[in-house]
Amino acid sequence: QVQLVESGGGLVQAGDSLTLTCAASEGTLGDDAVGWFRQAPGKERLFVGAVSWNGASTFFASSVKGRFSISRDNAKNTVHLQMNSLKPEDTAVYFCGTTSYGLATQSSPYHTWGQGTQVTVSS
């Protein structure tokens with residue numbers, strides 16, 4: 001029932017910060033964990049980070065650990081991905097997804113996805 005929409009992408013320079021938002025446009029996030037994935041042209045969709053249903057637990061890919069953070073507001077049905085110290089290799093389409101299986105680093109457990117938002121980081 002839930003529908004997700006990502007927003008906040010854009011063009012930035014290396015070292016800049018950007019905040020992405022995942023919002024439930026229909027339905028609610030409920031007790032689902034929310035994951036962020038990214039996909040560059042010609043590459044597979046890869047795990048970025050995820051947050052548990054209550055925001056108490058987060059997990060990040062090693063490539064972004066220490067630079068990215070996730071916050072969750074269930075009352076507003078939104079999840080934010082704060083990206084700092086952006087690098088050109090962060091350039092990709094970013095997707096958020098929901099899963100009832102808890103934190104997962106593979107895409108298959110996520111049952112609902114948004115359309116994605118483009119993040120481009122210039123050198």
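Student: How do you know that C22 and C96 form a disulfide?

Tutor: Keep in mind that this is a predicted model. The sulfur atoms of C22 and C96 are 2.1 Å apart, and the cut-off for a disulfide is within 2.5 Å, so the pair qualifies. By this rule the count comes to one disulfide.

Student: Why is the disulfide of C22 and C96 called right-handed?

Tutor: Look at the torsion about the S-S bond: it is about 75°, so the disulfide is right-handed.

Student: What makes C22 and C96 a link between distant parts of the chain?

Tutor: C22 sits in strand β3 and C96 in strand β9 (residues 92-99), 74 residues apart.

Student: Are C22 and C96 buried or exposed?

Tutor: Both C22 and C96 are buried. That label calls for under 20% relative accessible area.

Student: On to the strands. How do you know that β1 and β3 pair?

Tutor: Pairing takes at least two bridges. β1 and β3 (residues 18-26) have five, in the antiparallel sense, so they count as a pair. Among the facing residues, V5 has A23 as its bridge partner in β3, and S7 stands opposite T21.

Student: What joins β3 to β8?

Tutor: Six bridges, with the two strands running antiparallel. The cut-off is at least two, so this is a pair as well. C22, the disulfide cysteine, stands opposite V79 in β8 (residues 78-83) here.

Student: In what order do the four strands of the open sheet come?

Tutor: The order is β1-β3-β8-β7, with antiparallel pairing.

Student: Why are β1 and β7 called edge strands?

Tutor: β1 (3-7) and β7 (68-73) each pair on one side only. As for the twist, the average is 20° from one strand to the next.

Student: Last topic, the largest pocket. Which residues lie nearest its centre?

Tutor: R38, A40, K43, L46 and E89, out of 14 lining residues. To count as lining, a residue needs an atom within 4 Å of a pocket point. The elements giving two or more residues to that lining are β4 (33-39) and β5 (46-51), and β5 gives the most, with three. The volume is about 170 Å³.

Student: What classes of residue make up the lining of the largest pocket?

Tutor: Seven nonpolar, three polar and four charged. Of those nearest the centre, R38, K43 and E89 are Arg, Lys and Glu, which count as charged, while A40 and L46 are Ala and Leu, which count as nonpolar.

Conventions: Residues are numbered from 1 along each chain as its sequence is written. This is a predicted model: local features need pLDDT of at least 70, side-chain atom pairs count only at pLDDT 80 or more; totals for chains, interfaces and linings use all residues. Side-chain values use heavy atoms; hydrogens and water are left out. On a 1 Å grid over the protein atoms alone, a cavity is a set of points where a 1.4 Å probe fits but cannot get out, and a pocket is an open set with protein on both sides within 12 Å along at least five of seven lines; lining residues have an atom within 4 Å of a point. Grid points are joined across faces, edges and corners, and a volume is the space filled by probe spheres set on the points. Axes are lines fitted to C-alpha atoms, for helices over the stretch in contact, and angles run from 0 to 180 degrees between N-to-C directions. Buried means under 20% relative accessible area, exposed over 50%, partly exposed in between (1.4 Å probe, protein chains only).
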